[in-house]
Amino acid sequence: MRSRYTAYTIQEIDYIVKTHDPAVTGDVDRDATAEWAQKSEWLGLEIVHTEAGGKDDQEGVVEFIARYKVQGSEASHHERSRFCRADGRWVYLDGGMVKPKPVVREEPKVGRNELCPCGSGKKYKKCCGAN
């Protein structure tokens, strides 16, 4: 995983293609991959979680976040990728984007006609809830 990230940072597209599983190499959009690598300023890689992928395993999973900038705006690519061994080396099989966890409200929702939690004595809609 780290070597593939590095390949993106130095725009080594041949390596990225070469490290795909031979069964899916034909699915790689080489031009789009090269364009993304070239237009991005790569800021870092965070390995979030791994499953299997040891020296005796044939498959493994890596969840990662790659951070980058495009046209001055920071972005991130959060993916859960599957890797497998092909001819004794690890290759990328497939992956999917990881959706952000939903926001969970810690306090109960304040109704529009309830007293404002700030303590003003006014209804929420006339105080902190006013647009």
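I started with the second largest pocket, which holds about 200 Å³ of space. The model I am reading is predicted. I looked up the lining next: 16 residues line this second largest pocket, and Met-1, Gly-53, Val-62, Phe-83 and Trp-90 are the closest to its centre. I then checked which elements give two or more residues to that lining, and found α1, β1, β2 and β4 (89-97). I sorted the lining of the second largest pocket by class and noted 9 nonpolar, 5 polar and 2 charged residues.

I moved on to the largest pocket. Its volume is about 360 Å³. I listed 22 lining residues for the largest pocket, with Arg-4, Tyr-8, Trp-36, Glu-79 and Tyr-92 nearest its centre. At least two lining residues come from each of α1 (2-9), α3 (30-39), β1 (40-52), β2 (59-70) and β3 (73-86). I asked which element gives the largest share of this lining. It is β3, with 4 residues. By class, I noted 14 nonpolar, 4 polar and 4 charged residues in the lining of the largest pocket.

Last, I followed β3 into β4. I found the two strands paired in the antiparallel sense, over 8 bridges. They form a hairpin with 2 residues between them. In the turn, I read a positive phi of about 55 degrees for Asp-87. I also looked up the bridge partner of Phe-83 in β4, and it is Tyr-92.

Methods: Residues numbered from 1 in each chain as written. Predicted model: local features only at pLDDT ≥ 70, side-chain atom pairs only at ≥ 80, totals over all residues. Heavy atoms only, no water. 1 Å grid on protein atoms, 1.4 Å probe; cavity = no way out; pocket = protein on both sides within 12 Å on 5 of 7 lines; lining within 4 Å. Points joined across faces, edges and corners; volume = space filled by probe spheres on them. Nonpolar A, V, L, I, M, F, W, Y, C, P; charged D, E, K, R; others polar. Pairing = 2+ DSSP bridges.
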